[in-house]
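Please look at the sequence and the model below.

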Amino acid sequence: MAFYRKSKYGGIFTLWLPYPTIVIADYDMLKRNIVKNGEAFSGRPDTFIMDMLVQGNFGLFFMENIWWKAQRRFTTHIFRSLGVGQAGTQDTISSLATGLVEKIDVAKDKPIELRPLLVHVVGNVIHKHLFGFTREWDEKEIHDFHIAINDVLEHFTSPKTQLLDAWPWLAYLDKPLALGIPNATRANDAILQSLEDALRKHKDGINYDEDPSSYIDGFLKEMKARAAENALADGFTEKQLIVAIYDLYSAGMETIIIVIRFAMLYLVNFPETQQKIINELDEFVGRERQVVMDDQKLLPYTCAFLQEVYRLGYVLPVNFLRSTLENVENCEGYRLKAGTRIIAQFQSVHVDKKHFDNPEEFRPERYLNEKGEYIRDERINPFSMGKRSCLGENLARMEVFLYFCTLVQNFEWYPDGAVAPKIEVITSSLRAPKPYKLRAVRR
Ligand code: HEM
């Protein structure tokens, strides 16, 4: 997006949205401020949209201070005890990946749109961790959630919606301004209703003496344990539980689907990369067993390919708003008052000529040394930086690696037609490839 190009505006500048919002778009500046002075930059501003959707700052994205710290700590802890992003999740993904291959087999070389299949397999991983079980292919709950969340997201961070933060009365001009508030609130209400139903069922069935097998049970147990002391102080309430599930469910679905769709799009646009990945998989993993995370050591080219996908296929066009929690005396020579809005625009680093020559060029070889070993590039941060960086990074990286490798281990991918679909993106709250179809030929 030319709008945010560092070459045009420098590494730090102010956008009036309409509040003054400081954009930091340079790698060294991001490290100096967002990482090294992490605590000061870890707030989130109150926004009209959150008030409208859930009547305040709840959940994991929009809280700040003590509540957020307690909730983030708890989520990290329960994720660890549920094995999120570890062996347990790998087994879940492997079993879903088998189903994915079977579904693609059914298409028998006909062009397919991967997205609905990915909704099922990616949606089920987060569903399993949140609710304790997976859904079958013919159940529609995950797809319903996916449609509803996309309706909400479409209007979520659009510049027009941000104007509502300063002038809430603009909501009365929904129709002429095409804000889409009724659609977003209808979809939002449907999501909240379904999460409340799920919570009720879990409350009826929970055994507080057993180890929790889902986020929802873990949270309910924590609520009970804290009932006598600081449940409210640390935000352990049913309302918080509902919105935290809402956040994790939505964060854990479309983002990962988009990265895999970008990966497949680059794969067919650069067939030589597909051949290299196929060769590497055939030589070091074979086709008799499923790919596991440990195979990353054996697959340097595949890792380099995916790192290049993360660089150019970043999912958030504009990072989530943050705010300063205290006065910052020296932010690159400027003084920021507590409560100043901040955008940590790591995406600009991904296309910064200072770091990547011909940044618009897709070239996985950038990350291979002369011995052909994979070099992880710390300037590529699709999961952001600092104290508010993504909570689901391990899980997301695992899903992207395992599902992508499954797709290439089992099929060779071709465009639907003579030429590959163009690498074109649709940008709303998220940045995704335009819909496209591919043909999968069994290997
Ligand atoms: C490829 C997939 C994903 C990408 C690209 C991604 C990216 C991001 C980014 C850029 C942020 C904003 C950090 C900031 O404010 O600077 C974020 C925050 C967050 N992500 Fe992700 N994410 C992904 C997957 C996930 C998954 C799978 C989960 C959960 C299971 C998750 C949960 C969260 C949460 C809870 C936050 C808010 C953290 C906080 O404010 O403390 N994300 N993510």
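A polar contact is a pair of N or O atoms within 3.5 Å; within protein, one must be able to donate a hydrogen and the other to accept it. The model is predicted.

**Arg388**

Start with its place. Arg388 sits in the loop between helix H16 (346–350) and helix H17 (393–410). Buried means under 20% relative accessible area. Arg388 has 6% relative accessibility, so it counts as buried.

What does its side chain reach? A polar atom of the Arg388 side chain lies 3.1 Å from the backbone oxygen of Leu60. The backbone oxygen of Ser42 is 3.0 Å from a polar atom of that side chain. Leaving aside residues up to four places away in sequence, Arg388 also touches others, including Gly43, Phe61, Trp68 and Arg322.

**Two residues with positive phi**

Ser384 is in the loop between H16 and H17. Its phi is positive, although Ser384 is not a glycine. Glu332 lies in another setting: the loop between strand S4 (328–331) and strand S5 (334–336). Glu332 has a positive phi too, and is a residue other than glycine.

Glu332, at 23% relative accessibility, counts as partly exposed.

| Residue | Phi | Relative accessibility |
|---|---|---|
| Glu332 | near 50 degrees | 23% |

Terms used: Residues numbered from 1 in each chain as written. Predicted model: local features only at pLDDT ≥ 70, side-chain atom pairs only at ≥ 80, totals over all residues. Heavy atoms only, no water. Helix = DSSP H or I, 4+ residues; strand = E, 2+ residues; numbered from the N terminus. Buried < 20%, exposed > 50% of the residue type's maximum accessible area, 1.4 Å probe, protein only. Contact = heavy atoms within 4.5 Å.
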